[in-house]
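Trainee: I should like to learn how to read a model of this kind, step by step. May we begin once it is in view?

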Amino acid sequence: MILAWVLSLLTLLSMMVIQLERLTALEVMSVNTYVEAQKGFIAAENALIECEQHLSNITVLANPGCHIQSAGKNLWLISSKSKPSLEALIFLDEKTNIATRLNWRQNFE
């Protein structure tokens, strides 16, 4: 009887170790996914900032990382080419050539 009880405890402990290993693997995958998503958002934001800074003279950018569309009346819609795609509405003052970000959003496809 004691032998059966000890075997059941060992089986229970081994199952618990297996579950802990699975949970640890899932946590590592979760952290890696989070880090990669953050890198993607940072790259998209940097592309938007670069295009925003050179909006008055877009020819300076050899290979722009964003799409630029006119929205009329000194408003420009800039969206990043990379995933995740971010989109910003920019007001460009004609007199001072200062770009002001009015809003931004994540563009879901």
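Mentor: Let us begin with a term: a residue is called buried when its relative accessible area is under 20% and exposed when that area is over 50%. Please bear in mind that this is a predicted model.

Trainee: Which residues of α1 are buried?

Mentor: Helix α1 covers residues 2–53, and the cut-off for a buried residue is under 20% relative accessible area. The buried residues of α1 pack against β1, β2, β3 and β4. They are G40, A44, A47, L48, C51 and E52.

Trainee: Is E21 buried or exposed?

Mentor: E21 is found in helix α1. Exposed means over 50% relative accessible area. With a relative accessible area of 53%, E21 is therefore exposed.

Trainee: What distance in space separates E21 and W5?

Mentor: The separation is taken from C-alpha to C-alpha. In sequence, E21 and W5 are 16 residues apart. In space, their distance is 25 Å.

Trainee: What span should the 52 residues of α1 have, and how far apart are its end C-alpha atoms?

Mentor: The expected span is 1.5 Å times one less than the number of residues. For the 52 residues of α1 this gives 76 Å. The end C-alpha atoms agree with that expectation, because the distance between them is 76 Å.

Trainee: In what order do the four strands of the open sheet lie?

Mentor: Strands of a sheet pair through backbone hydrogen bonds, either parallel or antiparallel. Here the pairing is antiparallel. β1 (66–72) and β4 (99–107) are the edge strands, since each pairs on one side only, and the twist from one strand to the next averages 20°. The order is β1-β2-β3-β4.

Trainee: Which residue of β4 is the bridge partner of I90?

Mentor: Strand β3 (residues 85–92) pairs with β4 in the antiparallel sense over eight bridges. These two strands form a hairpin with six residues between them, and N97 in the turn has a positive phi of about 55°. Along this pairing, L86 stands opposite Q106 in β4. The bridge partner of I90 is R101.

Trainee: At what angle does α1 run to β3?

Mentor: Helix α1 lies across β1, β2 (75–80), β3 and β4. Its direction relative to β3 is given by an angle of about 20°.

Trainee: Why does S80 count as buried?

Mentor: S80 lies in strand β2. Leaving aside neighbours within four places in sequence, S80 is in contact with A44, L48, G65, C66, S85 and L86. Buried means under 20% relative accessible area. S80 counts as buried because its relative accessibility is 2%.

Trainee: Which residue does a disulfide join to C51?

Mentor: A disulfide is a covalent bond between the sulfur atoms of two cysteines. The cut-off applied is a sulfur pair within 2.5 Å, and the S to S distance in this link is 1.7 Å. The partner of C51 is C66.

Trainee: Which parts does the pair of C51 and C66 tie together?

Mentor: The link of C51 and C66 is left-handed, with -120° about the S-S bond. C51 counts as buried at 1% relative accessibility, and C66 counts as buried at 4%. The two cysteines are 15 residues apart in sequence, so the pair ties together helix α1 and strand β1.

Methods:
Residues are numbered from 1 along each chain as its sequence is written. This is a predicted model: local features need pLDDT of at least 70, side-chain atom pairs count only at pLDDT 80 or more; totals for chains, interfaces and linings use all residues. Side-chain values use heavy atoms; hydrogens and water are left out. Two strands pair if DSSP finds at least two bridges between them. Axes are lines fitted to C-alpha atoms, for helices over the stretch in contact, and angles run from 0 to 180 degrees between N-to-C directions. Contact means heavy atoms within 4.5 Å. Buried means under 20% relative accessible area, exposed over 50%, partly exposed in between (1.4 Å probe, protein chains only).
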